[in-house]
2 protein chains.
Amino acid sequence: MSKSAGIIVIGNEILSGKTRDENSPYLVRELRGLGVDVRKISVIPDERDLISREVLEFSNSYDYVFTTGGVGPTHDDLTMDGIAGAFGRRMYRDPDLEATLRYHYAQELVDGNLRMANIPEGARLVGGKGMWFPVVAVENVYIFPGVPEILQRKFERIKESFREAPFYLRELYLKADEGQIAGILHHVLADFPELLLGSYPYFDNPVYSIKLTLESKDPEYLERAHDMLIIELAKIQLTPIQGN
Amino acid sequence: MSKSAGIIVIGNEILSGKTRDENSPYLVRELRGLGVDVRKISVIPDERDLISREVLEFSNSYDYVFTTGGVGPTHDDLTMDGIAGAFGRRMYRDPDLEATLRYHYAQELVDGNLRMANIPEGARLVGGKGMWFPVVAVENVYIFPGVPEILQRKFERIKESFREAPFYLRELYLKADEGQIAGILHHVLADFPELLLGSYPYFDNPVYSIKLTLESKDPEYLERAHDMLIIELAKIQLTPIQGN
């Protein structure tokens, strides 16, 4: 079984359409590449109780949880409080983080900055060596900022710890109507119930009108399913236009 | 009070990073423009029971629910089944939809196509006049396809029925550190608790480093909050670089 993951995007700016979420598309691609199966993405407002509830539910449901956003020094940065609430922990000021902040801001430091050293009790600092600010993790929840460049830099640093067996993928492009092939897809899935089979229509492409994706962590199983699909399609005079 | 909305994006292709969700960014912008407050976005897999659970929870929590994806004719199109399950309804073949499909496909029609006429009992067909395929709605849940062009064409058709009083927005750009202004933002919110106040750091812009957004449905309240903020910022020698 793959490890599972959920992503919680925290930020009113996304729900109100002011900012586009760049972080969940990045994380799903990266996690897929690592062989981790992302099962759910939630986008929720900067509200402490909603954050607590969502984090607790995700933490109980998935192997890994990744949060993005809400970790700065201002009033709308409630992620740490929300995560502390999820696990019934108190917040405390971490001396290592405080020292890092004092070093970084030096003369410029104001009280507001130090708020970023407040984390839930029992939190772990992950991937700290050489990073000016480590990833804070509580239980199976990894806490990331909303700024994409910083999130990506931090994730790069710790991603290898999540690596699993990879997913193998094959794609087929067809000129057909989905209705025509629905029966064949059912048929293939009956024989290959573990296959991850996707069918996606395209309405604006002159060359093909359906993309089929076949995935499995077992490459040999994938090839056999792929072969069966080609044979079944040939029976109704359909040949893939391209594929890999 | 604003009307609230939730968006459920249904599709393994998004969770596995093969396709990027273009629909929730479109819908949040449109709904914000209509004065509707989007409270949550979920991205979930093409699995019937998960769809049922999410739809029921959203339907109980928000005034409007919009689903995208999973409405085609193939095995992974389970949205209608999932929504029927959420409300304990059976599926039936709608004769009007069937007639539309038969007319559209004519000689090309195969059984798989007709699956798209299967909808939950008691569903309403909204905005049907002049559309080759209307929006299907069950209770407060509006069901949209995953293909962005078709979703947008359908949404345009029915959007005026969701219009509320608008949100008014002002933005301020500052060259400062968020920690410096955190106290001021708290202060303004203490006097203007209904203000929607966002603070967003930028790390790669040479001109400004923070964007503040102020929003309210009451334009006069918004102006008073904005004035107070300008005065408070001036007290620490900060003047907005630009704003509107």
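How many helices and strands make up the secondary structure of chain A? Chain A has nine helices and 12 strands, where helices (H or I, at least four residues) and strands (E, at least two) are DSSP runs, numbered from the N terminus. The radius of gyration of chain A is 23 Å, well over the 18 Å that the globule rule gives for 244 residues, so chain A is more spread out than a compact globule. This radius is taken over C-alpha atoms, and the globule rule is 2.2 Å times the number of residues to the power 0.38. Along the principal axes, the C-alpha atoms of chain A fill a box of roughly 75 × 35 × 30 Å.

Before going on, here is how to read the values. This is a predicted model, in which local features need pLDDT of at least 70 and side-chain atom pairs count only at pLDDT 80 or more, while totals for chains, interfaces and linings use all residues. Residues are numbered from 1 along each chain as its sequence is written, chains are lettered from A in the order in which they are written, and side-chain values use heavy atoms, leaving out hydrogens and water.

Of the 244 residues of chain A, 54% count as buried (under 20% relative accessible area; exposed is over 50%, and partly exposed lies in between, with a 1.4 Å probe and protein chains only).

Now for the charges. Side chains of opposite charge can pair when their charged atoms come close. Over all chains, the whole structure holds 34 salt bridges, each a side-chain nitrogen of Lys or Arg within 4 Å of a carboxyl oxygen of Asp or Glu. Here are some of them:

| Salt bridge | N to O distance |
|---|---|
| B:E22 and A:R20 | 3.3 Å |
| A:D81 and A:R115 | 3.7 Å |
| B:K159 and B:E30 | 2.8 Å |

The pair of B:E22 and A:R20 crosses between chains, and each partner sits in the loop between α1 (12-15) and α2 (23-33) of its own chain. B:E22 is partly exposed at 37% relative accessible area, and A:R20 is partly exposed at 33%.

A:D81 lies in helix α4 (residues 79-86) and A:R115 in the loop between α6 (111-114) and β5 (118-120), 34 residues apart. A:R115 is partly exposed, at 25%.

B:K159, in the loop between α7 (148-158) and β9 (168-174), and B:E30, in helix α2, are 129 residues apart. B:K159 is buried at 14% relative accessibility, and B:E30 is buried at 19%.

Finally, a network of salt bridges links A:K18, B:R32, B:D37 and B:E215.
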